[in-house]
Amino acid sequence: ETRDRARKRQLREHVGYLTQRLDDEVAKVSREKEEEMARLKATHDDMLKAMKKEIEQGQIKVTQLADRLSLNIIDKILFPSGEAEISEQGKEVLKRVGEILKQTRDKTIRIEGHTDNVPIHKHLQTRFPTNWELSTARATNVVRFLQDEAGIDPASLDAVGRGEYHPIASNKTQAGRSKNRRIEIILSPRVPVVAREPAPKELKKK
């Protein structure tokens, strides 16, 4: 066997090895994705069972789209009108939600506060100048409850106030405004955190 033939044979073997490694990796990723989707489907089904009464009453909507799960909760079952403190009824609802969320893994749990476009009443403007502040306070209080009472890892939680700017219905009707005043709990795949290089130490003063 000449040197060129030996070299070609080695290259073919190496290409075959790399191809097999790639096929194995693709199969592994595919299995992991299927397992992740199955876990999310189980979470979806658990939510439907735990929130059955509220879903039937139109107070909660659970939606799964691909690898994303969302829980849409109208504000009146969590908060008194114009307030950010969670009501006793709201705490009971969030305890059931938290028990299910606590079992999820490798997910970011994003809590979004939304309002209608009605300006904050004058007697509340000292605490909440606009709907931005109200929606943010509500989202933050839900996050704190899920951390403190449900025992969810705070590193998995995000709180976002979105004010009146992402409606899901028309604000021209009372029914539409009621739908827009909501908390959305969104589960999505956790994005790996890229480690950052440590900041350079300050130069000592001479």
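How many cavities of 30 Å³ or more does the count come to? Keep that in mind while you get the structure on screen; note that you're looking at a predicted model.

**Stop 1: the cavity**

The count comes to 1 cavity of 30 Å³ or more. The largest cavity holds about 30 Å³ of space. To find it, select Met47, Val62, Leu69, Ser70, Leu71, Leu101, Ile185 and Leu187, which line it. Now colour strand 2 (68–74) and strand 5 (182–189): these are the elements that give two or more residues to this lining. Strand 2 has the largest share, with 3 residues. What classes of residue make up the lining of the largest cavity? There are 7 nonpolar residues and 1 polar one, with no charged residues.

**Stop 2: the largest pocket**

Sorted by class, the lining of the largest pocket has 6 nonpolar, 7 polar and 5 charged residues.

**Stop 3: the second largest pocket**

Next, select Ser81, Gly82, Ile120, Leu134 and Arg181. Of the 15 residues that line the second largest pocket, these lie nearest its centre. The space here comes to about 250 Å³. Which classes does this lining divide into? You'll find 5 nonpolar, 6 polar and 4 charged residues.

**Stop 4: two packed helices**

Time for some helices. Two packed helices are described by the angle between their axes and by the distance between those axes. Show helix 3 (residues 88–101) and helix 4 (residues 131–148) as cartoons: they pack at an angle of about 60°, and their axes are 10 Å apart. That angle is why helix 3 counts as oblique to helix 4. As for handedness, helix 3 passes helix 4 in a right-handed crossing.

Now show side chains where the two helices touch. On helix 3, pick Lys91, Leu94, Lys95, Gly98 and Leu101; on helix 4, pick Val142, Phe145 and Leu146. Together they make the contact. By class, the contact of helix 3 with helix 4 has 5 nonpolar, 1 polar and 2 charged residues.

Conventions: Residues are numbered from 1 along each chain as its sequence is written. This is a predicted model: local features need pLDDT of at least 70, side-chain atom pairs count only at pLDDT 80 or more; totals for chains, interfaces and linings use all residues. Side-chain values use heavy atoms; hydrogens and water are left out. Axes are lines fitted to C-alpha atoms, for helices over the stretch in contact, and angles run from 0 to 180 degrees between N-to-C directions. Helices (H or I, at least four residues) and strands (E, at least two) are DSSP runs, numbered from the N terminus. Angles under 35 degrees count as roughly parallel, over 145 as roughly antiparallel, 65 to 115 as roughly perpendicular and the rest as oblique. A crossing is left-handed if the near helix is turned anticlockwise from the far one by less than a right angle, and right-handed if clockwise. Contact means heavy atoms within 4.5 Å. Ala, Val, Leu, Ile, Met, Phe, Trp, Tyr, Cys and Pro count as nonpolar, Asp, Glu, Lys and Arg as charged, and the others, Gly among them, as polar. On a 1 Å grid over the protein atoms alone, a cavity is a set of points where a 1.4 Å probe fits but cannot get out, and a pocket is an open set with protein on both sides within 12 Å along at least five of seven lines; lining residues have an atom within 4 Å of a point. Grid points are joined across faces, edges and corners, and a volume is the space filled by probe spheres set on the points.
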